[in-house]
Structures are given as structure tokens and as C-alpha cells.
Amino acid sequence: MNRPELNEDRAAHPEWYDGHYMNVNHPLATKEIEKRTPLNFMTKDEGFAECPECQGYGGWHLIWNAYGEGKHFNRHCSNCNGRGYTQMEPGTEKGCQHEFTTKIKLGNCYYRYVCAKCGTVHDIDSGD
Ligand SMILES: [Zn+2]
Ligand SMILES: [Zn+2]
């Protein structure tokens with residue numbers, strides 16, 4: 001991971017990296033092989049659609065075989081939590097590209113994030 005050519009790549013294409021790591025803009029980042037099967041309740045009738053960020057794949061392999069044969073360096077999709085499906089954007093039939101702009105403190109290190117577009121709520125306990 002610390003090879004000189006990687007450092008050059010980083011310098012030439014900062015948009016392909018988040019700090020030290022490749023991000024999903026990198027041309028070598030590939031989607032998961034198969035799309036995710038939506039969970040039972042993630043139907044169109046319930047207001048769910050394919051995630052616009054990962055197109056239903058739930059994540060990317062950033063570096064193939066990074067840790068040996070078949071053990072890839074992966075990144076799961078944060079828009080859908082790796083599920084491949086997410087709530088629709090209101091007024092459309094497309095999955096919402098969430099904008100979690102509202103942060104409400106629920107407790108010690110415990111926060112609720114609310115999507116400004118569809119109202120989806122993520123409660124995240126950042127304590128350890
Ligand atoms: Zn996604
Ligand atoms: Zn949303």
C-alpha cells in the first residue's frame with residue numbers, strides 16, 4: 001500500500017483518494033460482482049428503490065486481492081449502508097442520495113442524523 005507509484009498516483013489524482021485510501025472515483029475501484037437482493041420490506045410499495053450511489057451493488061472492491069487471494073480491500077456504500085437499496089426521494093421513484101444535514105444529540109456520543117430530502121433517520125452511536 002505504500003509503494004512509490006501509489007504516492008505518485010495520489011499526487012496526480014487527489015480526487016481519487018480520501019487521504020491515504022482510494023475512493024470510489026478511482027478507475028480501478030470496481031463494483032461488487034453481484035447486485036444485492038433487497039431485504040423483504042425494501043419494495044417499491046414501501047418506498048424503496050435502488051441506491052443511486054452504488055446502483056444496487058452495496059459497495060466496491062477498491063483493491064482486488066489486497067490481503068491475499070479473494071480477500072479484497074472493500075468499501076461499503078454509506079448511502080445505503082451496503083444494502084444496495086434505499087428510500088426513494090420524495091416525488092420520484094429513484095433512490096434518495098441522502099443529505100444528512102441535521103444532527104441531533106440523543107445522548108453521550110449518540111447522534112441522530114436526518115436526511116434533508118427524504119427524512120430518513122440514522123441513529124449512530126459513535127462511542128466505543
Ligand atoms: Zn448504496
Ligand atoms: Zn434521503
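Burial, domains and a hairpin in a predicted model

Of the 128 residues of the protein, 20% count as buried (20 or more other C-beta atoms within 10 Å of a residue's own, with 12 or fewer counting as exposed, anything in between as partly exposed, and C-beta atoms placed from the backbone). This is a predicted model, in which local features need pLDDT of at least 70 and side-chain atom pairs count only at pLDDT 80 or more, while totals for chains, interfaces and linings use all residues. Residues are numbered from 1 along each chain as its sequence is written, and chains are lettered from A and ligands numbered from 1 in the order in which they are written.

Biologist: In what order do the elements of the protein run from the N terminus on?

Modeller: Helices (H or I, at least four residues) and strands (E, at least two) are DSSP runs, numbered from the N terminus. The protein has one helix and ten strands. The order is α-β-β-β-β-β-β-β-β-β-β.

Biologist: What distance separates the centres of domain 1 and domain 2?

Modeller: Domain 1 covers 4-95 and domain 2 covers 98-128, with bounds from an automatic or database domain assignment. Five residues of domain 1 are in contact (C-beta atoms, placed from the backbone, within 7 Å) with four residues of domain 2. Taken over C-alpha atoms, the separation of the two centres is 21 Å.

Biologist: Is Asn74 buried, exposed or partly exposed?

Modeller: Asn74 is found in strand β6, residues 73-76. Leaving aside neighbours within four places in sequence, Asn74 is in contact with Gly59, Trp60, His61 and Leu62. Because 15 other C-beta atoms lie within 10 Å, Asn74 is partly exposed.

Biologist: How far apart in space are Asn74 and Ile63?

Modeller: In sequence, Asn74 and Ile63 are eleven residues apart. From C-alpha to C-alpha, the spacing is 7.1 Å.

Biologist: Why does strand β8 lie largely in the open?

Modeller: Strand β8 spans residues 100-107 and has eight residues. It lies largely in the open because the number of these residues that are buried is zero.

Biologist: Which residue in β9 is the bridge partner of Lys103?

Modeller: Two strands pair if DSSP finds at least two bridges between them. β8 and strand β9 (residues 110-115) pair in the antiparallel sense over six bridges. In β9, the partner of Lys103 is Tyr113.

Biologist: Which residue in the turn between β8 and β9 has a positive phi?

Modeller: β8 and β9 form a hairpin, with two residues between them. The positive phi is about 60 degrees, and the residue is Cys109.

Technical notes. Two residues are in contact if their C-beta atoms, placed from the backbone, lie within 7 Å.
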